[in-house]
Amino acid sequence: MYYLSIPLFFPPVVQANADGILAVGGDLSPERLQLAYKSGIFPWFEDGEPIMWWSPNPRMVLFLDELIVSKSMRNILNRNIFKVTFNQNFRDVISNCQNIERDGQNGTWITNDMIEAYCKLHELGIAKSVEVWQDEVLVGGLYGIDLGHVFCGESMFSKVSNASKVAFIALVNQLKKANYKLLDCQVYNPHLESLGCMEIDREEFMEILKSK
């Protein structure tokens, strides 16, 4: 495992251990975060722990044409009970992702330092959000890092049924229109698999990430 210091540097992702951990330390500066995502690496740690940098193998992704929208979900979308916006309330979205209760999880990996770091990336136009509204109330959303041809999803939340799915589907439709190659979902999740996401070899992911 590599221990980062002040210089902006990450070792090759093939040096990650079996769990996907590549490096420890460093900081959450905009420059280091941008280098990380462009290199197929992301931070994931809990409050009180050192910053841990990951590049798992396999990698969970969505090829945009493989999105699965169930019949019941199509009915919900057609009813227009939700309104979707983009990049209107980034801080509220990431804060909700931090505070939402999740089954099987005790606490969150989104620390206050991470919120501030990603809000800086949002100000730079790199971190993006999707907001889902019902009766003018923010009920769901997601955020991630936009690399121009790959979108790296970070987290999503839902306060009412299906709100996060609406955000996810809206994002995918936007990415398809802009000819993006991939939505990166990082690690396996059965909910994401139900939406069409799949695991691919890290080497294949890196080839896509490096191609433009």
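For the charges on this tour, Lys and Arg count as positive and Asp and Glu as negative, while His and the chain ends are not counted. Each charge is placed at NZ of Lys, CZ of Arg, CG of Asp or CD of Glu. Select those atoms to begin: the mean positions of the 19 positive and 26 negative charges of the protein chain are 7 Å apart.

A word on what you are viewing. This is a predicted model, in which local features need pLDDT of at least 70, side-chain atom pairs count only at pLDDT 80 or more, and totals for chains, interfaces and linings use all residues. Residues are numbered from 1 along each chain as its sequence is written, and side-chain values use heavy atoms, with hydrogens and water left out.

Now switch to a cartoon. You will find seven helices and eleven strands in the protein chain; these are DSSP runs numbered from the N terminus, helices being H or I of at least four residues and strands E of at least two.

Next, select N57 and P58, which are joined by a cis peptide bond with omega of about 10°. P58 sits in the loop between β4 (52–54) and β5 (59–62).

Move on to N87, in the loop between β6 (83–86) and α3 (90–99). Although not a glycine, N87 has a positive phi of about 60°. Its relative accessibility is 31%, so N87 counts as partly exposed (buried is under 20% relative accessible area, exposed over 50%, partly exposed in between; 1.4 Å probe, protein chains only).

Last stop: N179, in the loop between α5 (163–177) and β10 (182–186). N179 is not a glycine either, yet has a positive phi of about 65°. With a relative accessible area of 65%, N179 is exposed.
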